[in-house]
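Welcome, and thanks for taking a look at this one with us. Below is a short tour that begins at a single side chain and then steps back to the whole chain.

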Amino acid sequence: MQNPPQPFENTGHPRRWAILGVLVISLLVVVLDNTILNVALRTLSDPVHGLGASQGELEWAINSYTLVFAGLLFTFGVLGDRLGRKRFLLFGLAMFGLSSLLSAYAQSPGQLIGARALMGLGGAAIMPATLSIISNVFDPRERARAIGIWAGAVGLAVAVGPILGGLLLENFWWGSVFLINVPVVLVGLVAAGIMVPESRDPRPNRIDVVGVLLSVIGLVALSYGIIDGGEHGFGRPLVWVSIIGGLAVLAAFVLWERRIEFPSLDVRLFRVPRFAAPVAVVGLTFFAAMGVMFFSSFYLQLVRGYEPLHTGLLFLPFAAAQLIFAPRSAAMVRRYGAKAVSAVGLTLTALALAVFVFIGAETPIWVLLVSFFVQGVGMANIVAPATESVMSALPREKAGVGSAVSNTIRQVGGALGVAVLGSVLSGVYRDQIAPATGSLPGPARDAVNESISGAYGAAAQLGPAGQGVIGAANDAFVSAMHWASGLSAIVIVVGILVVLRWMPGRAADQAHVQPETVDTPELAPAS
């Protein structure tokens, strides 16, 4: 019979679970906003009920946020460690609330794009602060469970966002999808001000100004190239100049960090399997998952004809799986080890994504519901163990750096997944639809060839011939979806190989949770 667990001296904050609740609220508002906006795009394009935004303006309403968010995550993680994590959390919440108010009452697409960029600045301050504060207020032996709850909140927000957005748009004007953030932010500001203790690196080094600037320039350039390529194709010189230039600047950042005495990021950490392997796995997972979520929304709303609210409700199995399994992933890791749990989670995710290869226009909807649930179970057992592994590889005073690196890879991986898988989807769709559009008038042919959304818009103007266009567009889109989902499943298989080859095993996990070793990054490879 197993011996009962021995009591231990808990080094965590006395109010740590209440503090976690405050941090979850702060995180929810950031993740919810981006998913809510997706269901409001059609309304924002309406010149009567919205802002009359063009397709390009709608894309930049999303991407101005992503660009600033990805570009500043690492910098704000470093500065939060040095200047105070609570201070950055409060600053981020205040900026997010103010920019949400500006977004809600924007009078033009340009104003909305600018306000969304400010929201990205606020989000970049909030996200790394939440994880680094968790690392500081929780004992290392409880931290995995806390991060599991944090990861579950992310999954919940991703799935609940479209539902909340659909409810708001059915009952209020488009600005309500941004205005809903303001009271939540106010609650978060008051609660964080009262509950969250201040923490910072007790031995701060000089600010690495050159490293910070190189990281911002490199991440913004790389993110811009990825986003622009996903929108307009990867055949334009500007896209490759931006991507290659961004990678070159990030390479210069790595070289700079290796040679200075007080680096913003100790790049030697990427030789530590406990740090490098989960960072890679998080990036690969969000590459595949965000790309599939992107095209599954179009499939559900156009091919299957569901309204935005109903589409959001169909993602509930994913949210339920995250809520149930992410908080329990820490117990699974203790029992089986992070390597085994992550490998199983990735396998489940790969199977769920591969289901889309076999989905057609008439597939029973319960098949998708089961697939979303399995994907939620899989990702719950990837994100939480991977995040805990990254955070445990660093001392508490450097928690902001670990959080920022993990979240930056997550954000860039997701943007790259939408861009690359979206490009695959668009390319296959255009090849498949071309034979069916030869007899259409020029403007209608161009619209149908561009996207399935354009096909539905053109079909409405073609009268009886429109039904044939819709049928051909649905077939072309489903075929394109099969290719994109197959690629996403292959990416997850690469993640499985990374885990099996480089993720530390159970013995290393158990050794690493000892209090005397948890605060010292080991630079020798773990077995």
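A polar atom of the Lys 86 side chain sits 3.0 Å from the backbone oxygen of Gly 193. Please keep in mind that this is a predicted model. Lys 86 itself belongs to helix α3, which covers residues 85-104.

**Around Lys 86**
- Lys 86 is buried, yet it has no salt bridge.
- Once neighbours within four places in sequence are set aside, Lys 86 is in contact with Ile 133, Ala 192, Gly 193, Val 196, Pro 197 and Glu 198.

**A nonpolar patch on the surface**
- Leu 101, Tyr 105, Phe 172 and Trp 173 together make a nonpolar surface patch of about 430 Å².
- Phe 172 is found in the loop between α5 (140-171) and α6 (176-179).
- Phe 172 counts as exposed because its relative accessibility is 53%, and the cut-off for exposed is over 50%.

**The chain as a whole**
- The protein chain contains 20 helices and zero strands.
- Of its 527 residues, 54% are buried.
- Looking at contacts between residues at least 6 apart in sequence, 81% join residues at least 24 apart.
- The accessible surface of the protein chain is about 21600 Å², and carbon and sulfur atoms account for 67% of that area.

How values were computed:
Residues are numbered from 1 along each chain as its sequence is written. This is a predicted model: local features need pLDDT of at least 70, side-chain atom pairs count only at pLDDT 80 or more; totals for chains, interfaces and linings use all residues. Side-chain values use heavy atoms; hydrogens and water are left out. Helices (H or I, at least four residues) and strands (E, at least two) are DSSP runs, numbered from the N terminus. Buried means under 20% relative accessible area, exposed over 50%, partly exposed in between (1.4 Å probe, protein chains only). Lys and Arg count as positive and Asp and Glu as negative; His and the chain ends are not counted. A salt bridge is a side-chain nitrogen of Lys or Arg within 4 Å of a carboxyl oxygen of Asp or Glu. A polar contact is a pair of N or O atoms within 3.5 Å; within protein, one must be able to donate a hydrogen and the other to accept it, and residues adjacent in sequence count only if both atoms are side-chain atoms. Contact means heavy atoms within 4.5 Å. Patches are made of residues with over 30% relative accessible area and no salt bridge: like charges are joined within 9 Å, nonpolar side chains (Val, Leu, Ile, Met, Phe, Trp, Tyr) within 5 Å. Accessible areas come from the Shrake-Rupley method with a 1.4 Å probe; for residues, only the protein chains shown count as cover.
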